[in-house]
Amino acid sequence: MMIKKFSYILGLLLIGYLAIIYNSRGLVVLGGVGFLLPSFFLYLLGWNTRKSQIHLKLQGSLEVQQNKNQIVIQITQKQRIPIAKVKIGFLLENVGTGKKYKKKIVGSILPLPKTVWKIETEELEFGLWKITGKYIWFYEWMGWFSLKKKWNETRQFMIFPTCYETTVKIGIRTRLFLSDGEQYHPQMNGDDPTEIFKLREYQMGDGFNKVHWKLSAKNDILMVKEMSLPIGCNIVFFLNVESKELTTEQWKSYWELVSSISNEILQQECSHFFVWFDQKNKRLLRKKIFNEEVFHEFWYEIISYSLGKCNGKIEYINEFKGDTYASWIELNEKLELLCNGVVVTCIKEQPIKEQLLELELIL
């Protein structure tokens, strides 16, 4: 920078010297323009700094993106004068663990009403994150001067654990296990008299207690109602781990395993319970997972708890008396996956993608 300034001043002195020797009006004008140009750029810099507004936005895909995450910085201008260089600094912080990343970006602002930058951050671990805009430096075209604008805008976003493909299968015994539930199977009928699965015409062998008499009278044809099949949680997934016992890499692997297995169970239209021990209140808690929306809600909830270990199956019977299920699985701090009390596999920390494809688990 100093070399550029020295070269520019030396050039002005040279022009002035030549203008005096040759008595050139053109060189005098050129030297005057050169002398006033830094002041003009400084004025434009101050004008741009005052008129520019900075906004921090998060793309919707950020919440479901697992690897590289995009953060959007938007700068709105009330005038359409380009800015040669802008340096922006912001801070990324994991709300739960306190882990922080400092990030700087450098770019230019084009002569448009809005300039948008999409920034890719490094891979962030699972958790609730906060991004805070710290400062923005505006530079004029010659690079001699810069002005700093205060910026203290904060946004929060959630990074979910990565879901990998697995070979987990739901067996007939678990799928057809009869348990009470508030949801109903979308494709199979049952015997719950409180919910109608579908209506159809009467067929030989249908009992007259299934006839929908009002609808039959209206359509002048016998109509039969098929009852719905209630869906309970036939699988219980115990998260038997203590938060303080795992390293960052182990914690990452643990939640990727939980997310991948649970997602596969959900994709096969099988509801299940997540069960964990709350260290603070010394009690067992659970969350019913029956669709993707609830699956996402679980991640927001679980980060607020301090997890602990317990004898899950025994405490589950005592805490939720009368509840029945077909199969139970457990994942502990050693990354051992148990199914109905039998160790199925012990997953190594990273990478786990290939290990999940080799996993043989039928519930």
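Strands are DSSP runs of at least two residues, numbered from the N terminus. In this predicted model, Lys104 has its place in one such run, strand S4. Its side of the story is a simple one to follow: with a relative accessible area of 59%, Lys104 is exposed, because the cut-off for that class is over 50%.

Together with Lys100, Lys102 and Lys134, Lys104 forms a positive surface patch. Strand S4, which spans residues 100-109, supplies the largest share of this patch, namely three residues.

Attention now turns to the aromatic side chains. A pair of aromatic rings is described by the distance of the centres and the angle of the planes. The structure holds 18 aromatic pairs. In one of them, the ring centres of Trp251 and Tyr254 lie 6.1 Å apart with the planes at 10°, so this pair is stacked; the angle limit for that label is under 30 degrees. Both residues belong to helix H5 (residues 248-267), and because they are three residues apart there, about one helical turn separates them.

The two partners can also be described by their accessibility. Trp251 is partly exposed, its relative accessible area being 22%, whereas Tyr254 counts as buried at 0%.

Definitions and conventions:
Residues are numbered from 1 along each chain as its sequence is written. This is a predicted model: local features need pLDDT of at least 70, side-chain atom pairs count only at pLDDT 80 or more; totals for chains, interfaces and linings use all residues. Side-chain values use heavy atoms; hydrogens and water are left out. Patches are made of residues with over 30% relative accessible area and no salt bridge: like charges are joined within 9 Å, nonpolar side chains (Val, Leu, Ile, Met, Phe, Trp, Tyr) within 5 Å. Accessible areas come from the Shrake-Rupley method with a 1.4 Å probe; for residues, only the protein chains shown count as cover. A salt bridge is a side-chain nitrogen of Lys or Arg within 4 Å of a carboxyl oxygen of Asp or Glu. Lys and Arg count as positive and Asp and Glu as negative; His and the chain ends are not counted. The place of a charge is taken as NZ of Lys, CZ of Arg, CG of Asp or CD of Glu. Helices (H or I, at least four residues) and strands (E, at least two) are DSSP runs, numbered from the N terminus. Buried means under 20% relative accessible area, exposed over 50%, partly exposed in between (1.4 Å probe, protein chains only). Rings of Phe, Tyr and Trp (its six-membered ring) pair if their centres lie within 6.5 Å; planes under 30 degrees apart count as stacked, over 60 as edge-to-face and the rest as tilted.
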